[in-house]
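This briefing concerns the protein model shown below. Please keep the sequence and the structure in view while reading the points that follow.

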Amino acid sequence: MKRSTDRILTTHVGSLPRPADLRAMWSKKTSAAEDEAALQARLRSAVGEVVLAQKKTGVDIPNDGEFGKPMRAASDRGAWGNYIFDRISGFGPTAPESVAPDTAAPGAPMRIVGVRWEQREFAEFYADTGLGAPSTAAGRPTCNGPIAYTAQETLRRDLANLKAATDAAGIEEAFVSAIAPGSLEMFCRAQNTYYPTAEAFLQAIAVAMGEEYRAIADAGFILQLDDPGLPGAWDMLDPRPSLAEYRRYALLRVDMLNHALEGIPVEQVRYHICWGSWHGPHTTDIPLRDVVDIMLRVNAQAYLVEAGNGRHEHEYKIWRDVKLPAGKILIPGVVSHATNVVEHPELVADRILVFADVVGRDNVIAGTDCGLGGRVHPQIAWAKLGVLSEGAALASKKLWN
C-alpha cells in the first residue's frame, strides 16, 4: 500500500456521483439482452471516465466510484450496502407483520431496532424535515435461507472495468470497497429467521463476504472494508447497552471480519468506519475513543475515520494517547459529506497537519469522511475532491519543504 513518503497522498471513501444516464439505465434495467448490453457498455465507459476525472482532480488512490453498485436516484445514501443483496443468496423481503417493534420487550435480549436514540431525542426535527431519518426495518431484507455468494460474474465484471480504466489512465494503485459482515447485519437490522443464533448468522455472512474480499485482493486492488456498523450500531440497540456490553458486541463482529480476511495480506486491506451519512444532529454517536482499540484489531494496514465534521473533528486528540501501531496508516476525513460548504484548502491543510504532527507525516493519507456520491450535489462533490488535493499540496509544502 502506498505511503506519503515525499508528499501527502489523497484518496476518498468510495461513492462518487453517478452519471444521470447510468442511473436511468439502472432504474429501467430489465432482463432484455439489449438492455443488459447497453448497461454494461455504459458502465465500462463511465468507470473509465470517473477514473480519469479522479486523476485530473488530483486523487492519488482512486476507485471506480462504486459505479457497479446500482444507484437509481441522485440522492441515495444506501447504495454502498444495498448492492450486496443482489450478490448473496438467503435474503428476501420482510413482511410488515413480521417486523419487530422499535423497542425490545422487558427482559428480551438486546437487538438492533429501526429507530435510533437520536430519532427519539429529535423527533420534531425528523418529523418536520424528513432529512435522513434512517429507514425502518420493514424496508430491509430478512435472512430466510442459507447465505452464499452468488455474483462471481458481476464482481469479475466490476474488477475488469476498473483494471481497464486504471491501466488506461496509468494508475498504479486503486481500491475497491465492500461491506463488512457487521454492517451487513446492521443494514438488514439483523432480521434473521433461518440461522439459530446471531453468531451463526454472522459467521455465514463472513464466509460469503470472504469470497468477495479475496477476489478483490486477487485482482491486485486494495480492499476497502466499509463498516459504519462498528460505531453506528451503538445507538440502534435496545435495550441500551452499557459500554462494556457494546464493546463485547463490537469485538465479536470484528473477530468475524478478521475470519473473513484470512489469507489476504494486511498490506492490501484498509478499513473505513463512520457514523452514518444522514444529515442529522449525531448527538448519540459513540465517541471514537470508546472503540478505537477495537478498530485497530481489524487486520488492515490503513484506517479511515471521520475527522472533518463538527461532531468528530476534535477526536484527532485521541491519537496523542492511542499509539498508531507501527506500519499502519491513518486516513482521516479532512472534507465532509455532511455539509454543502466546500472547505477552504487552508483548512484542509490545517487538518492534515494536525494528524501529521501526532502520528507522523508518512503515516497520513488525506481522505473524506464518507462517500460523496448521493450525499451532496455532484458539483459540490467534485469541488470537495479538488480542495482535498489543494489542501494536501499545501500541507506537503510545510511538511517536506
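Ala190 is located in the loop between helix H7 (181–187) and H8; helices (H or I, at least four residues) and strands (E, at least two) are DSSP runs, numbered from the N terminus. The model is predicted, so that local features need pLDDT of at least 70 and side-chain atom pairs count only at pLDDT 80 or more, while totals for chains, interfaces and linings use all residues. Residues are numbered from 1 along each chain as its sequence is written, and side-chain values use heavy atoms, with hydrogens and water left out.

**Backbone geometry**

- Most residues other than glycine have a negative phi, and most peptide bonds are trans.
- Ala190 is not a glycine, yet its phi is positive, at about 55 degrees.
- With a relative accessible area of 29%, Ala190 is partly exposed; buried means under 20% relative accessible area, exposed over 50%, and partly exposed in between (1.4 Å probe, protein chains only).
- Glu66, likewise a residue other than glycine, has a positive phi near 65 degrees.
- Glu66 belongs to the loop between H2 and helix H3 (79–82), and Glu66 counts as buried at 4% relative accessibility.
- The peptide bond joining Asp238 and Pro239 is cis, with omega at about -5 degrees.
- Pro239 is placed in the loop between strand E6 (237–238) and helix H10 (243–260).

**The sheet**

- An open sheet is formed by 6 strands in the order E4-E5-E7-E8-E9-E10, with parallel pairing; two strands pair if DSSP finds at least two bridges between them.
- Strand E4 (175–179) and strand E10 (367–368) are the edge strands, each pairing on one side only.
- Strand E5 (residues 222–226) pairs with E7 in the parallel sense over 4 bridges.
- Leu223 has Val269 in E7 as its bridge partner, and Asp226 stands opposite His272 in E7.
- E7 also pairs in the parallel sense with strand E8 (residues 302–305), over 3 bridges, and there His272 stands opposite Leu304 in E8.
- Within strand E7 (residues 269–272), Val269 and Tyr271 point one way and Arg270 and His272 the other way; all are buried.

**Helix packing**

- Two packed helices are described by the angle between their axes and the distance between the axes.
- Helix H2 (residues 33–57) packs with helix H13 (residues 378–400) at an angle of about 40 degrees, and their axes are 9 Å apart.
- Axes are lines fitted to C-alpha atoms, for helices over the stretch in contact, and angles run from 0 to 180 degrees between N-to-C directions.
- H2 and H13 are therefore oblique to each other: angles under 35 degrees count as roughly parallel, over 145 as roughly antiparallel, 65 to 115 as roughly perpendicular, and the rest as oblique.
- Val50, Ala53, Gln54 and Thr57 of H2 make the contact with Trp382, Leu385, Gly386 and Ser389 of H13; contact means heavy atoms within 4.5 Å.
- By class, the contact of H2 with H13 comprises 4 nonpolar, 4 polar and no charged residues.
- In these classes, Ala, Val, Leu, Ile, Met, Phe, Trp, Tyr, Cys and Pro count as nonpolar, Asp, Glu, Lys and Arg as charged, and the others, Gly among them, as polar.
- Helix H8 (residues 198–218) lies across E4 and E5 and runs at about 180 degrees to E4.

**Cysteines**

- The structure holds 0 disulfides, a disulfide being a pair of cysteine sulfur atoms within 2.5 Å.
- For the sulfur of Cys143, the closest cysteine sulfur is in Cys188, 7.5 Å away, which is too far for a bond.
- Cys143 counts as buried at 0% relative accessibility, and Cys188 is buried with a relative accessible area of 0%.

**Individual residues**

- Pro231 is part of helix H9 (residues 229–232) and counts as buried at 1% relative accessibility.
- Apart from neighbours within four places in sequence, Pro231 is in contact with Tyr246, Ile273, Cys274, Trp275 and Ile286.
- Pro231 and Ser183 are 48 residues apart along the chain, and their C-alpha atoms are separated by 9.9 Å.
- His377 is in the loop between E10 and H13, where His377 counts as partly exposed at 46% relative accessibility.
- From C-alpha to C-alpha, His377 and Gln119 are 25 Å apart in space, and 258 residues apart in sequence.
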